[in-house]
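Look over the sequence and the 3D view before reading on.

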Amino acid sequence: MAQEASSSTSSKTISLKTGDGEIFEIEASAAKQMKTVQRLIDDLGDDITIPLHNVFSKELPKIIEYYKKDITGEITKDFEAEFVKDLNDDEVKVLFLAANYLDANKLFEFLSQNIADRLESKSVEYVRKYFGVENDFTPEEESKLREERAWSFRGIKEDE
Amino acid sequence: MSSSTSQPQRSIPTEDRISILPDSILCRILSFLPTKLSATTSILSKRWKPLWLSLLHLDFDVQSFIDFNTFRHVVYSVMLSREVTLPIKSLRLKSCSEHVVNDINGFINAAMQRGIEYLDLEITTGKDFELTLTPNIFSCKTLTVLKLKNLTVNKILTQVHFPLLEILHLDKVRFSCYEDIFKFPLSSPILEDFSVNDLQLRPGGKFISEKFISETSKVKCLTNLVKASYSARQNIPLFLFTWAHILRIKLRCPHPFYKVHSLHNLTQLELTFFSNNMDNIWSGKWKWMLEVLQHSPKLQHLTIHQEIEKIKNIGISEAYWEDPQIVPQCLSSQLKTFLFRGCRGKNSELQFIEYIMQNSKVLRTMTIHSISSIDLNAKHQMLKKLAVWPRNYKLIFD
């Protein structure tokens with residue numbers, strides 16, 4: 001597959017420490033895909049364990065799994081479908097936030113699409129909860145808006 | 001930092017972490033939703049109200065609206081509600097063709113004026129080919145992806161230039177003048193993914209001449225091509241795919257002998273030979289197939305489909321087989337998988353398969369699917385013949 005420009009890092013592994021104190025190893029070429037990690041490596045050196053305060057041991061293994069496949073060029077639609085199949089909406093959200101924190105663009109794009117797919121069939125109230133949005137409209141303001149956008153609400157699942 | 005504890009201490013709950021994300025991140029998620037749906041987020045809260053209108057991606061499907069009048073009204077009003085200087089990076093339109101031809105071209109023009117990069121236009125209902133595409137599209141220099149389905153391209157009178165186009169998919173597109181199809185690849189210097197499916201020619205439209213093909217083939221084009229797919233009833237311009245790595249072609253048999261050009265990057269090839277009752281047998285088919293192999297030194301994966309309906313004059317004439325003088329280089333050093341679907345058990349077919357078996361030095365898997373209408377006895381005979389040849393790879397027979 002793609003040839004690494006710096007041959008010295010191609011077989012090196014980097015140690016990552018999660019917010020709850022667990023240590024995981026990843027290939028240096030996978031670390032390159034997570035810009036936050038790469039920046040920390042550039043600042044601290046690649047022999048030091050890189051601390052990731054906002055990523056925890058529950059989600060980091062999944063992220064490592066994704067990028068393991070990415071560096072061998074094996075990410076397919078089937079793999080991606082399998083990857084999110086058993087995750088619930090909250091687990092995907094946690095991964096999404098982690099991908100954002102790590103500046104891991106490919107995973108971030110994929111998870112954005114997946115979240116959009118999941119929310120397509122959900123009610124407005126569910127989406128509010130999911131994004132932690134407080135409704136600051138008055139009931140009158142909200143119903144006026146709903147009327148203006150009636151065309152978009154036709155066919156949308158209503159709240160209970 | 002905090003010493004390892006038994007419970008993961010997340011200092012901030014995820015809901016708050018999402019709500020403090022900047023608008024641009026939230027918009028990333030919204031951009032994957034059809035516009036009709038992203039519009040519903042306007043009632044989530046005051047902060048969310050304007051977000052959907054700041055999206056650079058628009059996606060409308062006429063079938064999600066109660067009628068085309070509403071659809072047309074909505075697309076116009078969204079275009080007008082958006083900040084007028086805001087670019088439109090991507091437009092996906094699935095429309096009907098009845099009554100809205102001018103409107104569709106109007107939307108495309110509006111998008112072109114706002115720097116459109118990704119355009120996907122599909123006519124899903126109404127009469128086929130009713131929409132004639134605006135010729136303004138041919139001078140849209142910002143396009144990186146162009147996908148068109150079920151519409152007509154009238155004779156192109158202007159210059160075509162797509163300096164940034166990387167992906168071009170033409171599905172069930174009808175051309176008035178067949179030569180115009182070549183204007184697309186010839187004016188897309190960095191094209192990587194080129195797909196033509198079910199190409200149509202307007203009744204009475206001019207076919208291309210051999211002379212035109214041979215003149216055009218002298219021009220170096222599509223040097224960045226990675227993936228290509230082509231299916232049409234007319235002459236297939238093989239010279240377009242010289243640089244392709246992955247190629248899928250559906251050819252109608254019989255065919256005049258296609259000049260085979262070099263396919264020096266080709267690693268994956270999928271060929272479908274298609275013919276129906278009225279066509280004669282293409283007697284030079286396997287000779288042509290070998291010529292293709294000769295020109296594909298890096299070929300690793302070969303798939304052949306035969307979609308041949310029951311032929312009336314069975315047994316009278318068949319394709320002939322002749323061992324080539326030189327073994328194609330790809331067989332000696334590259335070919336790893338070979339799949340043959342629709343095998344009828346004819347002599348020439350078995351001789352071709354045997355030739356591959358005998359000369360492939362690095363073959364790992366060979367899969368032969370016999371045609372579904374074959375009778376069990378003939379199938380059994382075929383399996384006996386195939387199984388007897390010595391091999392050091394996996395053979396799958398169906």
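The notes below cover the interface, the cavities and the salt bridges.

This is a predicted model, where local features need pLDDT of at least 70, side-chain atom pairs count only at pLDDT 80 or more, and totals for chains, interfaces and linings use all residues. Residues are numbered from 1 along each chain as its sequence is written, chains are lettered from A and ligands numbered from 1 in the order written, and side-chain values use heavy atoms, with hydrogens and water left out.

**Interface of chain B and chain A**

- Chain B brings 37 residues to the contact and chain A brings 42; contact means heavy atoms within 4.5 Å.
- About 3,800 Å² is buried between the two chains, and carbon and sulfur atoms give 70% of that area. Buried area is the accessible area (1.4 Å probe) lost on putting two parts together, summed over both.
- Five residue pairs are in polar contact across the interface, both residues at pLDDT 80 or more. A polar contact is a pair of N or O atoms within 3.5 Å; within protein, one must be able to donate a hydrogen and the other to accept it, and residues adjacent in sequence count only if both atoms are side-chain atoms.
- On the chain B side, helices H1 (14-19), H2 (23-30), H3 (35-38) and H4 (68-81) each give two or more residues. H1(B) gives the most, with five. Helices are DSSP runs (H or I, at least four residues), numbered from the N terminus.

**Cavities**

- The whole structure holds three cavities of 30 Å³ or more. A cavity is a set of points on a 1 Å grid over the protein atoms alone where a 1.4 Å probe fits but cannot get out.
- The largest cavity has a volume of about 160 Å³, the space filled by probe spheres set on the points.
- Its lining has 15 residues, with A:Leu119, A:Val127, B:Leu37, B:Thr40 and B:Thr41 nearest the centre; lining residues have an atom within 4 Å of a point.
- H7(A) gives the most to this lining, with three residues.

**Salt bridges**

- The count over all chains is 25 salt bridges, each a side-chain nitrogen of Lys or Arg within 4 Å of a carboxyl oxygen of Asp or Glu.
- One salt bridge links chain B and chain A: A:Glu109 meets B:Arg28 at 2.8 Å, N to O.
- A:Arg128 and A:Glu125 form another, at 3.0 Å.

Definitions and conventions: 1 Å grid on protein atoms, 1.4 Å probe; cavity = no way out; pocket = protein on both sides within 12 Å on 5 of 7 lines; lining within 4 Å.
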